[in-house]
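Student: I'd like to learn how to read aromatic pairs and cavities in a model. Can we go through them together?

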Amino acid sequence: MPRRVAFLIFDGFQLLDAAGPISAFEIAGRYAPGAYELRVIALRAGAVTSSAGVSMTAQALGRAGSVDTLVVAGGNGTRAAARNAALVRFVARCGAQSRRVASVCSGAYILAATGLLDDRVATTHWTRTSDFARRFPRVKLDADRIFVKEGKFWSSAGITAGIDLSLALIAEDLGESIARQVAQQLVVYYRRPGGQSQFSALLELERADGRFAPLLDHVRSNLRERLSVEDLAAQACMSPRNFARAFVAETGTSPAKAVTRLRAETARAQIESGRASVQQVAKECGFGDPERMRRAFVSLFGKSPSSLRVLSTRGAPVSVRT
């Protein structure tokens, strides 16, 4: 029997929150014919207008017991949707009867309104965290996660993180091989671990004028290299002293610390994906030896590489020190 996956939308939903996961499950069905039966649902059947003004056609909610996996979209309309008693009751029934219930982005508001997330770890879009925490104090909000799994309840961060969540759901159903093929077809990274930070060190280091953007791209692409201040200054066509001063003034951190952060961020993704040994990751990311990488991880993440690998397999939350 195909697994029935329902995507819940409402007026003002974010288009990509629904379309991204739908596309992931649709492609999974190509590699595993008959694995899924997909439908878009809403409080009332018909056209539902997204926050972009583009409409998507939905079926009526139907029976909660017929849904294997419910995926709740996010968007500007989530606050109003979370106050709709009929919609909240349906999601609550899915929480009781369905195998899995997931939210994308601010869809966590609707999930939280049911009480299903009380005393559970969840995440949402980073811009919503303060408001979400105020409205739902019983939810153990972790704003620094790509996605979170707590038993049958899943939640993900903003917009494209819904694809990461979908790939994890597909992997749980059909295995890593098919999930990897889906990622390749979507041309997305396979797959950002749930514990990975919502925030990219590269984005934090870049400034609006982008003066050092090409240099930071060079660093990210050449992590195995030495990347000393002298090397970076030469790449930027500056003297080491002037380069160091200008870099600190623009990014707020030293070149050496920036390189370490970029090494650690890349290494963490590889560690949590579990595909390479700690020794291999340390070499690939330019740390040279595992002990040097361990010290960087403890300083930045508060955990050693081996601890993060164990936590990522359990779905436990890990924060990032800035």
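Student: Which residues do the ring pairs link into a cluster?

Tutor: Phe-7, Phe-25 and Tyr-36 are joined by ring pairs into a cluster. Keep in mind that this is a predicted model.

Student: How should I read one of those pairs?

Tutor: A pair of aromatic rings is described by two things, the distance of the centres and the angle of the planes. Take Phe-25 and Tyr-36: their centres are 4.9 Å apart and their planes make 90 degrees, an edge-to-face pair. Phe-25 belongs to helix α1 (residues 15-31) and Tyr-36 to strand β2 (residues 36-42), so this pair ties together parts that are eleven residues apart in sequence.

Student: Is Phe-25 buried or exposed? And what about Tyr-36, buried or exposed?

Tutor: The cut-off for buried is under 20% relative accessible area. Phe-25 has 1% relative accessibility, so it counts as buried. Tyr-36 has 12%, so it counts as buried too.

Student: How many aromatic pairs does the structure hold?

Tutor: There are ten. One of them is Phe-243 with Phe-247, a tilted pair with 5.6 Å centre to centre and 45 degrees between the planes. Both residues sit in helix α11 (residues 240-251), four residues apart, which is about one turn of the helix. Phe-243 is buried at 0% relative accessibility, and Phe-247 is buried at 2%.

Student: Now cavities. What's the idea?

Tutor: You roll a probe the size of a water molecule over the atoms, and that shows where empty space is left. Here, a search of the whole structure finds one cavity of 30 Å³ or more. The largest cavity holds about 40 Å³ of space.

Student: Which residues line the largest cavity?

Tutor: Phe-247 turns up again in this lining, along with Leu-215, Leu-216, Val-219, Leu-232, Pro-255, Ala-258 and Val-259. The elements giving two or more residues to the lining are α9 (213-221) and α12 (255-273).

Student: Last one: what does the pLDDT say about the chain?

Tutor: The protein chain averages a pLDDT of 89, and 90% of the residues score at least 70. Over residues 315-322, though, the pLDDT is below 50, and this stretch has 28 contacts in the model beyond near neighbours in sequence.

Definitions and conventions:
Residues numbered from 1 in each chain as written. Predicted model: local features only at pLDDT ≥ 70, side-chain atom pairs only at ≥ 80, totals over all residues. Heavy atoms only, no water. 1 Å grid on protein atoms, 1.4 Å probe; cavity = no way out; pocket = protein on both sides within 12 Å on 5 of 7 lines; lining within 4 Å. Points joined across faces, edges and corners; volume = space filled by probe spheres on them. pLDDT = per-residue confidence, 0-100. Contact = heavy atoms within 4.5 Å. Phe/Tyr/Trp six-rings, centres within 6.5 Å; stacked < 30°, edge-to-face > 60°. Buried < 20%, exposed > 50% of the residue type's maximum accessible area, 1.4 Å probe, protein only.
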